[in-house]
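Work through the exercises below with the sequence and the 3D structure at hand. Each task is followed by a worked solution.

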Amino acid sequence: MSPSTSPPRARPPSPPSGGRIPQVPHTLAYFEETYGVINEKQVSIAESTCSGVFGAKPAGQGGQAIMSVDTLSQIAMERASTAREAVQMMGDLAVKYGFYGAGSFEGTAESLLVGDPNEGWVFHVLPDDTGTSAIWVAQKVPEGERQACELLNGDEGGDGDGDGDAD
């Protein structure tokens, strides 16, 4: 990149038709690839779709929920300076404005690994039974430990075979 070329500007996330949330006075720059990936404060997110008990339709397609995982992650990248703040923000937005998952064979819930230079979190979200809110939970990854999405599905070793070891 030449000195006269500025980095790409983040575009605001677009909730489904009719969905709006309040704007904030300042937003952060971030990279995205459908989902928010990392922002200028080094808050990062990795995503994994998973099955959920409930499903919801988005506003404009017969439902009322306006938050998808990509929208939640993009807003968190724009506004959060820490992983903890990103997790709380995504959970609060999903509850207030409703969350909808993919609704396909991939599942209707999402697991996000959210980190910054000081701590990491596992965040899980799915629509509630009304389709107008969300159910979410987050857990901090303890110092010196690791976490992978397979761990959420019962394989504590993270190698996919369910025996609790990495071999």
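**Exercise 1: the aromatic pair**

The structure, a predicted model, holds 1 aromatic pair. Classify the pair formed by Phe123 and Trp136 as stacked, edge-to-face or tilted.

Solution. The ring centres of Phe123 and Trp136 are 5.5 Å apart, and their planes meet at 40 degrees. Stacked needs under 30 degrees and edge-to-face over 60. The pair is therefore tilted. Phe123 lies in strand S5 (residues 120-127) and Trp136 in strand S6 (residues 134-140), so the pair links distant parts of the chain, 13 residues apart.

**Exercise 2: burial of the two rings**

Decide whether Phe123 is buried or exposed, and do likewise for Trp136.

Solution. Buried means under 20% relative accessible area, and exposed means over 50%. Phe123 has 0%, so Phe123 is buried. Trp136 has 26%, so Trp136 is partly exposed.

**Exercise 3: the span of helix H2**

Check whether the length of H2 agrees with its number of residues.

Solution. The expected span is 1.5 Å times one less than the number of residues. For the 15 residues of H2 this gives 21 Å. The end C-alpha atoms of H2 are 21 Å apart, which agrees. Just after H2, Gly98 takes a positive phi of about 85 degrees.

Terms used
Residues numbered from 1 in each chain as written. Predicted model: local features only at pLDDT ≥ 70, side-chain atom pairs only at ≥ 80, totals over all residues. Heavy atoms only, no water. Phe/Tyr/Trp six-rings, centres within 6.5 Å; stacked < 30°, edge-to-face > 60°. Helix = DSSP H or I, 4+ residues; strand = E, 2+ residues; numbered from the N terminus. Buried < 20%, exposed > 50% of the residue type's maximum accessible area, 1.4 Å probe, protein only.
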